[in-house]
There are 2 protein chains.
Amino acid sequence: MSPQYATKREMEKAIDELRAALGEEAISTDDEDLHRHGYSEWSSINIDQLPVAVAYPKSTEEVSQLAKVCHKFKIPMIPYSGGSSLEANFSAPFGGMSIDFTFMDQVLALHADDMDVVVQPSVPWMSLNDQIKDSGLFFPVDPGPSWNKCCSLWKSSAGYNLTNLFVGSEGTLGIVTEITLKLAVIPQETSVAVVTFPTIRDAAAAASKVLRAGVPVAAMEIMDDVQMGVINKAGSTHRKWKEVPTMFFKFSGTKAGVRENIQLVRDISKTHKSGDFEFAKSAEEGKQLWSARKESLWSMMAIRREGDEVWSTDVAVPISRLPDIIEISKKEMDDLGLFASILGHIGDGNFHESIMYNSKDPKERAAVEKCVHDMVERALEMEGTCTGEHGIGLGKKASLQKELGFDTINVMRSIKGALDPHWLMNPGKIMDAKA
Amino acid sequence: MSPQYATKREMEKAIDELRAALGEEAISTDDEDLHRHGYSEWSSINIDQLPVAVAYPKSTEEVSQLAKVCHKFKIPMIPYSGGSSLEANFSAPFGGMSIDFTFMDQVLALHADDMDVVVQPSVPWMSLNDQIKDSGLFFPVDPGPSWNKCCSLWKSSAGYNLTNLFVGSEGTLGIVTEITLKLAVIPQETSVAVVTFPTIRDAAAAASKVLRAGVPVAAMEIMDDVQMGVINKAGSTHRKWKEVPTMFFKFSGTKAGVRENIQLVRDISKTHKSGDFEFAKSAEEGKQLWSARKESLWSMMAIRREGDEVWSTDVAVPISRLPDIIEISKKEMDDLGLFASILGHIGDGNFHESIMYNSKDPKERAAVEKCVHDMVERALEMEGTCTGEHGIGLGKKASLQKELGFDTINVMRSIKGALDPHWLMNPGKIMDAKA
């Protein structure tokens, strides 16, 4: 049976009720606001339906009130924070209420001795680290260098691991209003090295050797020749780069340790035909070397012609298969005449492809779709996964079913049904209510 | 509604059916076998009920056949492997079938390039590392030094994290017949340091400082004066130890890195009134220093008088509260006249208390129960958890409800009900079918 949602009239009643309880400005039905919460320039997919209202709660209590009213009237609830998702994860296929956490952006408690911090959903990552820096601690997830990232919460073996079930459930099981993040000690020393290679295969082989040698690297990223060219063309990094496959390493630790590890990486790179090997001699140099990595997506956005869009997608495969999938995918894109760049978190076997295309041209859109579809199929054949970071949203539901099979999707469906029997939490994402 | 299980007659039919399908010896109803699968000398709790049969599957296909028959006749299924659990996690309160994985102990596939290994449930940890050592890789979980252990599986953001939901579900959601473990590189160098402190509080403060200084340690364990005395008394380590609070550090990395880190730990320890500081100058010395840590539980078992049992329990708290809870708990045990030792994985805020008692003496058993109960209450007041490692089993169901609250237990109940509607998977563990 398909879920039944509030009628237009019920939705209006709910909005009245919520405005009475939370204040007039707590619920917006402004057209531009609705559009911003249902459409995204970055998304691989967009739909015509928009949310009917946007709520702006200021506290967990207000979220709880919102949820009660939405439950009473059977209104879909779609949590919204940065709006950076790429697979229409916050779209509103059944209308309903977008819940925007803009006003819940506080660091609630820093427990420096216990090395954790309690935050609200919209605290910006950069600002979080700035706010807590006097403690000597930081939250080590850097959008980009996800390798080695650690988001383990308190050690416990008490009952089912609901934390990890909710993390990555894309708002389909519940709404997170507070989270405790484990922090790391700001290292004595960090440095960056940038290394060029003749081919992606050589770079991947070097990366694999670095991992197998147990050299501790804080991040290990790869960008292809096209991506390096895009950065040059966009001119956002104040220098010119060689337009060849390039690896970016981040090191952290003690001064002696970092020095030792840079040397180890240099030696390994040499045995894999590395070209230039630059490493930062100061924090400022480190920032400059890392800037190419930081600016990669924005550079791609910046060089678009009028009417172009960028389709950004990711898959992950066992690291031994990474060169294969990158080479085949690049060749297919070239053959289809598509302009696409590649960026990989190589330690994870995870890579991102950004494809430029004219969304008004159905032939070009079809070519991109085929390319993404083929890349996902290829990743699954290699025992990989259809997404390493972006999630499923609306865009990769079919891929997920292919990856996990009908039975496993049904397990997920049962879990959702058990926690959200009216299918109100971000419905239509990850999987449909019925097959 | 309470679950209804197979009658005796139905159980007999099921056994006949399974023997016909899997061979006579696949199902045992031998009394001694049933006892071994329903009772444990280590367990904090034992019950009179035993399983009705023990199955010995040899493959995933056989497990699947077992599960089908058990499902048809509504027979509880209780997975059993090492038998080391402490909270009656494998007991059989509703009878049913113990599924013993003795014959599924193989390393199925080593993917050295991808740094993972696929294993069956009963592969012994020591043997696993021995079988794969030529690859230069190892599985870094060491029963004991759990700090820093890493059991992340393949990176993916594809749908609900069912892996982490099943890990730690104690067999109540399904049966794991194969698992992929992430491996680490065998470090160039490992070493051990043993440091004495005047009090647990000084030791904990030093440990906290080591963490906050970002010194990488592979393990950091604490044992109290009683535990050190027990090891001396049992004589299992070929040397005498000072009977004072003692910390055990394990280091791994490059030669230079390990040397540097030992020095850092020594310096920090000194500022916290450390006494002796011994560190291993060879692998053999390292083994000897670590032996005290390795032999701690067995030493406690070894010095029991006739009729004594050892109640071993664990909790975890934020690390800043660790000295408080250890001090209060030790005092309460002393006041109750109990002989108990303490061992902690200090980086986790996780510690174990082993209490010796005469189980035939109801007064002494009651004193132990009070002591454990109070320690769990204290951990919860400190925002800790009722168990860091041992799990819930039968023994800690009330504590779990206290820790998480009725609503969260009901969420877990719903998840179990969705995946196991007849409540056949290890029923009675973690939570009851109804409140």
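Guide: What follows looks at helix packing in each chain and then at the relation between the chains. The model is a predicted one, and in chain A the axes of helix H11 (residues 322-335) and helix H12 (residues 362-381) come within 10 Å and cross at roughly 160 degrees. Because angles over 145 degrees count as roughly antiparallel, H11(A) is described as roughly antiparallel to H12(A), and H11(A) passes H12(A) in a right-handed crossing. On the H11(A) side the contact is made by A:Ile325, A:Ile328, A:Ser329, A:Glu332 and A:Met333, while H12(A) contributes A:Lys370, A:Cys371, A:Asp374, A:Met375, A:Arg378 and A:Ala379. By class, the residues of this contact of H11(A) with H12(A) are six nonpolar, one polar and four charged.

In chain B, helix H6 (residues 200-212) packs with helix H11 (residues 322-335) at an angle of about 160 degrees, their axes being 9 Å apart, which makes H6(B) roughly antiparallel to H11(B). The crossing of H6(B) and H11(B) is right-handed, and in it B:Ile200, B:Arg201 and B:Ala204 of H6(B) meet B:Pro323, B:Asp324, B:Ile326 and B:Glu327 of H11(B). That contact of H6(B) with H11(B) holds four nonpolar, no polar and three charged residues.

As for the chains themselves, chain B is superposed on chain A by a rotation of 180 degrees with 0.0 Å of shift along its axis, at an RMSD of 0.0 Å, and the two copies are thus related as by a two-fold rotation axis. Of the residues of chain B, B:Ile415 comes closest to the rotation axis, its C-alpha lying at 2.8 Å. Since 100% of the interface residues of chain B are also interface residues in chain A, the copies meet through the same surface.

Technical notes:
Residues numbered from 1 in each chain as written. Chains lettered and ligands numbered in written order. Predicted model: local features only at pLDDT ≥ 70, side-chain atom pairs only at ≥ 80, totals over all residues. Heavy atoms only, no water. Least-squares fit on C-alpha atoms with pLDDT ≥ 70 in both. Contact = heavy atoms within 4.5 Å. Axes fitted to C-alpha atoms, helices over the stretch in contact; angles between N-to-C directions. Helix = DSSP H or I, 4+ residues; strand = E, 2+ residues; numbered from the N terminus. Parallel < 35°, antiparallel > 145°, perpendicular 65-115°, else oblique. Left-handed = near helix turned anticlockwise from the far one by under 90°. Nonpolar A, V, L, I, M, F, W, Y, C, P; charged D, E, K, R; others polar.
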